[in-house]
Amino acid sequence: MQITAVTCIKNEGPFLLEWIAFNRVIGVSDFLIYSNDCDDGSDHLLDALASRGIVHHLPNPATGRKYQMEALKDAPNHAIVNQADWIWIADVDEFLNIHIGQNRIPDLINACGTPNAISIPFQFFANDGVEKFQDDPVIAQFTRSHDPDIWNGDPAIEVKTLVRADFPLQYYGAHRPFLRRGTNTTDKPSWTDAAGREVPHRFLVAVDPAHKRKFPAKGARTFATLNHYALRSLESYLVKNDRGDVNREHRAFDDSYWTTRNDAAWTDPSIHRYLPALKKEMSALLADPKTQSLHQACVNAHRAKITALLQQPDFVAMREQLKTAPSLPPAEISFIKKWGLTT
């Protein structure tokens, strides 16, 4: 079974080997990775891995700022995608945690009845007070999340989607594929959640913007969950913010992205079952001296960036604001205030 993972990156160097190794462990056979404007050595590391036949690395073809959408538009032009049996589109901070069989993608596919697509709900893992960046597996460092059935007061949670080659595709979105125009009701694909149940109709047809990327998570993750480590350590989050992916409003720092994802109410170490195989796979990747050297260069660049950012008053203020930010998500704080409750 050829399973191709597609992702876009910028300055993710310290985290690349873990993500690639993890996906190899769960059954991904091929990788198409687009990079843009890297200054931490990520692109050099990917080139080295490409020379070993481990990944395919391309510069992002975007001419504007819609880097991900332009890359996903380009991806079907490549044999590694258009000849694959399944396509898995995910970011480098997202890990598919499979709870069935041997905990690999083929087990998830079989458990869901081999549909044309499987959408897996997110589970956002909190920073939980981890301040310092460490060059250790992310999945080992962060074990606390929101209640997987509700996120920031909403029972509907965003998903990512595993797509079979025969899906009637118009185009790939970052979270789900979109049906080919003119697809008849009788031609609609078999599309399940991660419990093997048909996804809600409003999600499938994507006519309502509120239902294009998410559906209720309760009962939808029996066979798999998508662990999303959007925050990582506080130091790495500062680097992420500097990279440009995290929101700013009116030139003042907006901490809403952090506060909605730093809900540590739930403990879930289930993904740790992969650690022995992950560490073995990472060791195999690092056995190549050039790969090891380039990975270390990315780690050093990440640490140097942290040091440089903490010389800037704006980032020092940002760090302090995040360290003292409420530990409850905004929706829960609003509920408490509305009903006069105490924490």
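A cavity is a set of grid points where a 1.4 Å probe fits but cannot get out, and its lining residues have an atom within 4 Å of a point. Keep in mind that we're working with a predicted model.

**Exercise 1.** Find out which residues line the second largest cavity, and sort them by class.

*Solution.* Start with the space itself: the second largest cavity holds about 50 Å³. Next, list its lining: Phe15, Phe133, Gln134, Val138, Gln141, Phe142, Arg232, Ser233 and Ser236. Now sort them, and you get 4 nonpolar, 4 polar and 1 charged.

**Exercise 2.** Describe the largest cavity and say which helix gives the most to its lining.

*Solution.* First, the search of the whole structure turns up 2 cavities of 30 Å³ or more. The largest has a volume of about 90 Å³. By class, the lining has 6 nonpolar, 3 polar and 5 charged residues. Finally, helix 8 (residues 234-243) is the top contributor, with 5 residues.

**Exercise 3.** Work out how helix 8 and helix 12 are oriented to each other.

*Solution.* Begin with the axes: those of helix 8 and helix 12 (residues 313-323) come within 11 Å and cross at roughly 130°. Last, check who touches whom: Leu234, Tyr237, Leu238, Asn241 and Asp242 in helix 8 meet Phe315, Met318, Arg319, Leu322 and Lys323 in helix 12. Sorted by class, this contact has 6 nonpolar, 1 polar and 3 charged residues.

Note on methods:
Residues are numbered from 1 along each chain as its sequence is written. This is a predicted model: local features need pLDDT of at least 70, side-chain atom pairs count only at pLDDT 80 or more; totals for chains, interfaces and linings use all residues. Side-chain values use heavy atoms; hydrogens and water are left out. On a 1 Å grid over the protein atoms alone, a cavity is a set of points where a 1.4 Å probe fits but cannot get out, and a pocket is an open set with protein on both sides within 12 Å along at least five of seven lines; lining residues have an atom within 4 Å of a point. Grid points are joined across faces, edges and corners, and a volume is the space filled by probe spheres set on the points. Helices (H or I, at least four residues) and strands (E, at least two) are DSSP runs, numbered from the N terminus. Ala, Val, Leu, Ile, Met, Phe, Trp, Tyr, Cys and Pro count as nonpolar, Asp, Glu, Lys and Arg as charged, and the others, Gly among them, as polar. Axes are lines fitted to C-alpha atoms, for helices over the stretch in contact, and angles run from 0 to 180 degrees between N-to-C directions. Angles under 35 degrees count as roughly parallel, over 145 as roughly antiparallel, 65 to 115 as roughly perpendicular and the rest as oblique. Contact means heavy atoms within 4.5 Å.
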